[in-house]
Structure formats: structure tokens, C-alpha cells
Amino acid sequence: MGTEPKEPSGSRDDLAAALEAQQFFLVYQPTIDLETNGFAGVEALIRWRHPSRGVLSPEDFIDELEESGDIVPVGRWALETACAHGAAWHDKGYRFNVSVNVSPRQFSFTGFHDDVANALSESRFDATLLVLEFAQGTLTADHDATRGRLARLRELGVRFAVDDFEPGESALDELEEFSIDIVKLDREFIATLATSSDAASLVHSLVQLSESRHLQVIAAGIEDSDQRARLQNERVQVGQGYLFSKPHEAEDIDRYLEDFAIFSGKPL
Ligand code: C2E
Ligand code: MG
């Protein structure tokens, strides 16, 4: 007592209070159509404006939210907030995907379907523009349960993305099994493109397959124009990464969209 407690990361009480105190906020990172340079969508990414430690990234607190189960209410808040922003952009005449990350614990929570349904109905956001992003491991933990949960969610009209995807034989079968709409190629995998011809040929096969299965491929974590050129060469449709834009708060995305509409010269 008397001295401030040390906070190696968010303590349980901190995290529970943070939602109440509205210290969480979302930033949005654009995805870009690599062929047209058009705006393809945004991914919502959570941040915590900590009263004493400044703005924290998910790596500082997401594991603790997951372990304690607080990810369920915080994830619900993220869904509601992203849908509300998505609906506001849609009302302004922009039509693009809004992706929200879903953790393993959220996905296995029995009320998750209701959380998604409520976020959609309260915001009146077009369900076909909401993309739920899952890590591969979240889906593969229990194949039967996953299939059932995804089927019920799909009835709402939402779409599914697999995050941090590393192409490989078995992984492709899972995409088919779970009727995945979008695969996001992992940033670390993208980083190997310049040095590995295997990586390029894996992208090549994935894109070929995606074209016959109506699967969209997004390359995440594009940091330089060499990576962009290689991906375009393999006909990857959509990219995301610091080369195009870092994540920004919703108001900054509004400004970004206005500028975008000006230089692309067409409605988005
Ligand atoms: P993710 O879904 O793979 O998100 C991409 C991460 O890569 C983001 O980090 C983003 O800022 C970063 N990134 C994007 N482009 C680049 C790039 O070109 N270079 C580099 N070095 N990094 C890039 P962030 O925001 O720190 O998020 C980390 C992870 O936290 C996310 O990984 C996601 O798994 C998780 N997360 C974020 N928001 C939420 C949320 O609302 N709910 C849940 N359950 N998880 C979330
Ligand atoms: Mg993601």
C-alpha cells in the first residue's frame, strides 16, 4: 500500500473496469483492391486507452481477456461498435466490408450467435458486409461444433474469413469444409515472398483454387511495393498493410474515404 501497484499488463480489475469506463476503442485498417487501387473494406482492431499507460495494443491485453473470459463482453462491444460504424459509412453511401476478429472463447460462447444477431439488428448494418475473422485454430478445435456454429451464423447473412492463413494441403480442405469466404494470407508468410520461390508457388495454387471456389484472397501485412508487385503477379485481389495504410480511428477513415473518392474519381 501507499505505492502504486505494478502493472505488467492489464490486471483483471483493470480490464473489467475498462469496458465500463469506455477506455476501449476501435481503429480500422483499410483493405485495398490491388488491381483498381479501390477501397475494399476495413478491419476493426481494438485498442485500450489506459488511464496511466497510454494507448495499448491487443498484444498487451488480449490474452488476459481471453483467459478470464472478459473477451466475451469486450468482443460483444467490438462487434456492436464496428457494426454501428459500418452502418454509418453505409448511410453515407459507402459500401464496403467491415471485418471483426473473433477469438476462440467468443466463438465457443453459446450466446455468440445472439451477440452477432443483436449487433446487426441494433445497428441495422447490412449483414452481408460483416465479415467474422477467425484464426485457423479456432475453427479446427472441434470440426463438428464449428460446422454447426458457422451454419447458424451464416443464416444471419454474415461472411467468414480465416486469419493468418498459411497455405498448405490440409488447410485448403478445411476452407472447403467450413465454406470460408475469405482467406487472409499471413504477414510472416508474405514477408517470405521475396526469398522463397515455394511461397510464390503456394500463392499461385491458392489463387487458382480460389478462382474456382469463389474464395477471396487477401494478402495481409504488405509493407513494400516489391511484395505488392509479386502478389499482383499471382493475381491476388486484395491487400492490406502499412504500404497502404496503418489502422486509423473511424473519423480518420471518413477523411481517407473522401480523399480516396477524389483521386479514384468514382463512387466507392
Ligand atoms: P490480426 O487480426 O492478424 O490483425 C493484423 C495485425 O497486424 C494488427 O495488429 C495490425 O495493426 C498489424 N498490421 C497490419 N498491417 C501491418 C504491416 O504492414 N506490418 C506490420 N508489422 N503489422 C501490420 P494489432 O492491431 O496489434 O492486432 C493484433 C491482433 O490482435 C490481431 O491480429 C487480432 O488477432 C487481435 N485483435 C485485434 N482486435 C481484436 C478484437 O476486437 N477482438 C479480438 N478477439 N481480437 C482482436
Ligand atoms: Mg484479423
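**Notes on the predicted model: ring cluster, cores and metal site**

1. Start with the rings: Tyr 28, Phe 39, Trp 89, Phe 96 and Tyr 256 are joined by ring pairs into a cluster. A pair here means Phe, Tyr or Trp rings (the six-membered one for Trp) with centres within 6.5 Å; planes under 30 degrees apart are called stacked, over 60 edge-to-face, and the rest tilted. Before going on, keep in mind that this is a predicted model, where local features need pLDDT of at least 70 and side-chain atom pairs pLDDT 80 or more, while totals for chains, interfaces and linings use all residues. Residues are numbered from 1 along each chain as its sequence is written, chains are lettered from A and ligands numbered from 1 in the order written, and side-chain values use heavy atoms, without hydrogens or water.

2. The structure has ten aromatic pairs. Trp 89 and Phe 96 make a tilted one, because their ring centres are 5.5 Å apart and their planes stand at 45°. Both Trp 89 and Phe 96 are buried (under 20% relative accessible area; exposed is over 50%, partly exposed in between, with a 1.4 Å probe and protein chains only). Another tilted pair is Phe 134 with Phe 160, at 6.1 Å centre to centre and 50° between planes.

3. Now the packing around Trp 89. The largest nonpolar core has 73 residues, and Tyr 28, Trp 89, Leu 130 and Leu 132 touch the most other members. Such a core is a set of buried Ala, Val, Leu, Ile, Met, Phe, Trp, Tyr and Cys residues joined through side-chain atoms within 4.5 Å. Helix α3 (residues 71-91) is the biggest contributor, giving nine residues. Beyond four places in sequence, the contacts of Trp 89 (heavy atoms within 4.5 Å) include Tyr 28, Val 42, Ala 250 and Leu 257.

4. A separate core of five residues includes Val 131, Ala 161, Ile 218 and Val 238. Ala 161 sits in strand β6 and is buried, at 1% relative accessibility. Leaving out residues up to four places away, Ala 161 touches Val 131, Leu 132, Glu 133, Phe 134, Ile 180 and Ile 182.

5. What holds the magnesium ion (ligand 2) on the protein side? Its donors are Glu 43 (OE), Asn 101 (OD1), Glu 133 (OE) and Asp 163 (OD), at 2.0 to 2.3 Å. Donors are N, O and S atoms within 2.8 Å of the metal (3.2 Å for Na, K and Ca), and water is not among the atoms, so a site may look incomplete. Glu 133 is in β5 (residues 130-135) and Asp 163 in β6 (residues 159-165), 30 residues apart. Glu 133 is buried at 2%, as is Asp 163 at 13%.

6. Last, helix α11 (residues 225-233): Gln 227, Arg 228 and Leu 231 are buried. These three span an arc of only 100° around the axis, so they share one side of α11; the arc is taken from the directions from the helix axis to the C-beta atoms. Ser 225 and Asn 233, on the other side, are exposed. The cover over the buried residues includes α9 (187-191), α10 (197-213) and β8 (216-219).

Notes:
Helix = DSSP H or I, 4+ residues; strand = E, 2+ residues; numbered from the N terminus.
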